[in-house]
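Please look through the model below from one end of the chain to the other. The paragraphs after it begin with a single residue and then widen to the whole chain.

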Amino acid sequence: MFSFKREIDFTGYSFIVPSVSVGNVPQLAADAVIETLQLEPIGLLWSPALVPIVGAPAFEHTGGSDAITTTAELYVSQEKKLLVLQLRAPLVGPLRQTFLDELSDFVRDRKFSHAILLSSCFSHEKFDIRTGPFRYVANEQYEAQSPDAAHLKDDRWTKHSGGVIHGGGFASKLLDGLTARQVPAVVFFMYVSEGDNTAEGLMLARMLNAISGERLLASERTDFRWPSSWKHLFGTAHPRTLY
């Protein structure tokens, strides 16, 4: 299932996993993290549960004459002890649980310190207008063992108490699998609507940095940036003569 360019000891690493969900906001946030931190492509995943895709390089710093983009890729920062999985297609329904079980086993067996699962939820499911758009669901292991658990107490996000994360993809199922394996994990998600969600992707990346104790952005950087591949997400601007 996993293929690495070289072997790395992931003991104590953080693992970021985006769930394919509303507006692809988690994937956009992962793109922003990979681009801003200039993460190194270290491996890829293959599984019958992954819809195969192939395309041009998503990031200029990883590009080359023979570089391509595939469905599931892994990016690493050994300095920050961070591994990011980028998924670019949804999972095949009947095979989803097998994939999530294998992914959960990988996180447990490679001794990651914790996993952060990014997700998004339909905005019309948000009923509390007094709070912001960010929510989290953490397991007991994360709240008790993760050094970042203290950052959960912040006015910018709220603990989710509504049960199902509608439109949130596999995030809740993966959290269940990690919890069963005693792995500290948290689902961090945002209420969004479908459309041009690039702004929400950057917002989620900023909040991911905050919930991680501001450890993602280097001191000389003030914000996340988007990769050049985002220029092709929505085509050209509408013609002014239309109006």
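At 49% relative accessibility, E214 counts as partly exposed; buried means under 20% relative accessible area, exposed means over 50%, and partly exposed lies in between, with a 1.4 Å probe and protein chains only. This is a predicted model, in which local features need pLDDT of at least 70 and side-chain atom pairs count only at pLDDT 80 or more, while totals for chains, interfaces and linings use all residues. Residues are numbered from 1 along each chain as its sequence is written, and side-chain values use heavy atoms, with hydrogens and water left out.

E214 lies in the segment after α5 (198-211). Helices (H or I, at least four residues) and strands (E, at least two) are DSSP runs, numbered from the N terminus. The phi of E214 is near 60 degrees, a positive value in a residue other than glycine. Most residues other than glycine have a negative phi. Q182 also has a positive phi, near 65 degrees. Q182 sits in the loop between α4 (171-180) and β11, and with 53% relative accessibility Q182 counts as exposed.

Now take the chain as a whole. Five helices and eleven strands make up its list of elements. How does its radius of gyration agree with that of a compact globule? For 243 residues such a globule would have a value near 18 Å, and the chain has 17 Å, which agrees. The radius is taken over C-alpha atoms, and the globule rule is 2.2 Å times the number of residues to the power 0.38. Along the principal axes, the C-alpha trace spans about 60 × 50 × 45 Å. Of the 243 residues, 47% count as buried. Among contacts with a separation of 6 or more, 77% come from residues 24 or more positions apart; a contact means heavy atoms within 4.5 Å.

A72 lies in strand β6 and is buried, with a relative accessible area of 1%. Leaving out residues up to four places away in sequence, A72 touches L44, L45, L50, L85, Q86 and L87. A72 and G43 are 29 residues apart in sequence, and their C-alpha atoms are 8.9 Å apart in space. S14 is found in strand β2 (residues 14-18) and counts as buried at 8% relative accessibility.

The last topic is aromatic rings. A search of the whole structure finds 14 aromatic pairs. Rings of Phe, Tyr and Trp (its six-membered ring) pair if their centres lie within 6.5 Å; planes under 30 degrees apart count as stacked, over 60 as edge-to-face and the rest as tilted. F59 and Y75 form an edge-to-face pair, 5.6 Å centre to centre with 80 degrees between the planes. This pair links distant parts of the chain, with F59 in the loop between β4 (54-55) and β5 (69-70) and Y75 in strand β6 (residues 72-77), 16 residues apart. Both F59 and Y75 are buried.

Why does the pair of F134 and F188 count as stacked? The ring centres of F134 and F188 are 6.0 Å apart and their planes are at 5 degrees, so the pair is stacked. F134 belongs to strand β9 (residues 134-138) and F188 to strand β11 (residues 185-192), 54 residues apart. F134 is buried at 6% relative accessible area, and F188 is buried at 0%. Elsewhere, ring pairs link F2, F4, F10, Y13, F15, F106 and F112 into a cluster.
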